[in-house]
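Subject: Model handover and notes

Hello,

Please find the model below, with my notes after it.

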Amino acid sequence: MNLVWQRFTLSSLPLKEYLATSYVHRSLVGLLSSWRQTSVLIQWGDATAAALLSLVYALAPFASSTLVGLLLVACVAFWLLLTLSDEVTPANVSSVTPIHLLVLLYWGIAAVATALSPVKKAALNDLATLTLYLLLFALCARILRSPRLRSWIIILYLHVSLIVSVYGLRQWFFGATALATWVDPESPLSKTTRVYSYLGNPNLLAGYLLPAVIFSLVAIFAWQGWIKKLLALTMLIVNTACLILTFSRGGWIGLVVAILAVMALLVYWKSVEMPRFWRTWSLPIVLGGLIAVLVLAVIFVEPVRLRVFSIFADRQDSSNNFRRNVWDAVFEMIRDRPIFGIGPGHNSFNKVYPLYQRPRYTALSAYSILFEVTVETGFVGLACFLWLIIVTFNTAFLQMRRLRQFRSVEGFWLIGAIAILLGMLAHGTVDTVWYRPEVNTLWWLIVGLIASYWTPLAQNQTNSSNLEPTVN
């Protein structure tokens, strides 16, 4: 059974041997290697690429989608330049992971969906956008192999998110004009301020801050020194408060799932140091305590109670009713094109959805990641997407277990990455902020972070490289 699982998750796939004999890999990688020796830019390639990534994650909450798109184009062009000028070494070959293969397969399915799309021109434009995001993952997976560059990108994102959260808290204290109908107008919370900071939408802000909450939590364990730990604690409090004040039900669901996951993984990480009693009972105590706090908040905090109960109001809540009507139309779209869908992207969706929509229920997306993937690339694309998720989580857990043996603080970032992906998927079950640049770039950063730790299964017990502390 274990062998079947290893093959399904590609854990035992001999990638190094395959790439060493691959004609395509040998023909493209290293094509410009002679130029690399004389180019100052390429000799500092990883640092330059990290600078480009820094621009993406520093400007994403504040800049227009057009500017972020241009930065993604620059990142992709530089990744291509680095790849073509690489020297073919065992280290470079080992940087290709099972996650890369599934990402490539998903892109191939999206390309087929584009070719079969009823709106080919719109789908082709969106395929180009999808390609930018997938190659952003490839660049992140490459650059984040360096512990120092990995630390820099995470620290940068945490500081930018702190600025975003502080401005969101300012909106809560001083008021902010609602830019859309975000709450059922008949709800007692219809006049409540929902913060949105620089992102213009509270649901989008919640999706953007979720990784910041989890990363700031694990930073308390990963960062050394009390000043740095206090900074991480401050970030945790501010980011969590701002996310809660978005009153985003999807964001709250994602936060709860991520917090429960990160606490369970932290207990697992620390269990080797615990006495027998705490090894047995620490997880039930921690999770039981967190659930008790949530129950008490629902019982005694009226805004929380009203917002949580609205989740179960079905069509009596206007937001729920809107989603149900959109989903009904989406199910019909899937029924008509179940194999490869209508083609990737919101432009394709906007062209086809009006043919199925219920009167007065216009929508820009399917309001669920799983439904969106299915409507865009069919059940073939959904199967590949789920396979990609499973392989990513399996890779993360295997590498976290390896780092746990060495007690490396790098393992805390993997713990955070697993919890973040679970939280973002939980949020994405009822919303599609995942497709916005501010959140989508973070998703592929986290997946790239996990891929950057990958080592072949045979080396997991012996390879202790990249184990230096993230912050000293």
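The buried residues of H7 are Val68, Leu71, Leu72, Cys75, Val76, Phe78, Leu82, Thr83, Leu84 and Ser85. Buried means under 20% relative accessible area, exposed over 50%, and partly exposed in between, with a 1.4 Å probe and protein chains only.

On provenance: this is a predicted model, in which local features need pLDDT of at least 70 and side-chain atom pairs count only at pLDDT 80 or more, while totals for chains, interfaces and linings use all residues. Residues are numbered from 1 along each chain as its sequence is written, and side-chain values use heavy atoms, with hydrogens and water left out.

Overall figures

The chain has 21 helices and zero strands. Of its 472 residues, 53% are buried. Contact means heavy atoms within 4.5 Å; among contacts between residues at least 6 apart in sequence, 78% join residues at least 24 apart. The chain exposes about 21,200 Å², and carbon and sulfur atoms supply 68% of that (Shrake-Rupley method with a 1.4 Å probe; for residues, only the protein chains shown count as cover).

Cores

A nonpolar core is a set of buried Ala, Val, Leu, Ile, Met, Phe, Trp, Tyr and Cys residues joined through side-chain atoms within 4.5 Å. The largest holds 116 residues, and the members touching the most others are Leu53, Ile99, Phe215, Trp413, Ile415, Trp443 and Trp444. Helix H12 (residues 202-222) gives the most to this core, with 14 residues. Apart from it lies another core of 17 residues, among them Ala122, Met333, Tyr353 and Tyr361.

Leaving aside neighbours within four places in sequence, Ile99 is in contact with Phe137, Leu388, Val391, Thr392, Thr395, Val447, Ile450 and Ala451.

Cysteines

There are zero disulfides in the structure, a disulfide being a pair of cysteine sulfur atoms within 2.5 Å. For Cys140, the closest cysteine sulfur is that of Cys75, at 7.7 Å, which is too far for a bond. Cys140 is buried, at 0% relative accessible area. Cys242 is buried at 0% as well.

Helix H17 covers residues 318-336; its 19 residues should span 27 Å at 1.5 Å a residue, and its end C-alpha atoms are 28 Å apart, which agrees. Its buried residues include Asn320, Asn321, Arg323, Trp327 and Met333. The buried residues of H17 pack against helices H14 (249-270), H16 (302-311), H18 (346-352) and H19 (369-406).

Asp314 is in the loop between H16 and H17 and is partly exposed, at 39%. Beyond four places in sequence, Asp314 contacts Asn320, Asn321 and Arg324. The C-alpha atoms of Asp314 and Arg324 are separated by 8.5 Å, with the two residues 10 apart along the chain.

Two polar residues in helices

Thr441 lies in helix H21 (residues 437-452) and is buried, at 0% relative accessibility. A polar atom of the Thr441 side chain lies 2.6 Å from the backbone oxygen of Pro437. Not counting residues up to four places away, Thr441 touches Val56, Tyr57, Leu72, Tyr133 and Leu136.

Asn203 lies in H12 and counts as buried at 16%. Its side chain makes a polar contact of 3.1 Å with that of Arg194 (a pair of N or O atoms within 3.5 Å; within protein, one must be able to donate a hydrogen and the other to accept it, and residues adjacent in sequence count only if both atoms are side-chain atoms). Leaving aside neighbours within four places, Asn203 contacts Arg194, Ser248, His427, Asp431 and Val433.

Positive phi values

Ser197 is not a glycine, yet has a positive phi of about 50 degrees. Ser197 is in the loop between helix H11 (147-174) and H12 and is buried, at 4%. Arg407, also a residue other than glycine, has a positive phi near 55 degrees. Arg407 is in the loop between H19 and helix H20 (410-428) and counts as partly exposed at 32%.

Regards

Methods. Helix = DSSP H or I, 4+ residues; strand = E, 2+ residues; numbered from the N terminus. Expected span 1.5 Å × (residues − 1).
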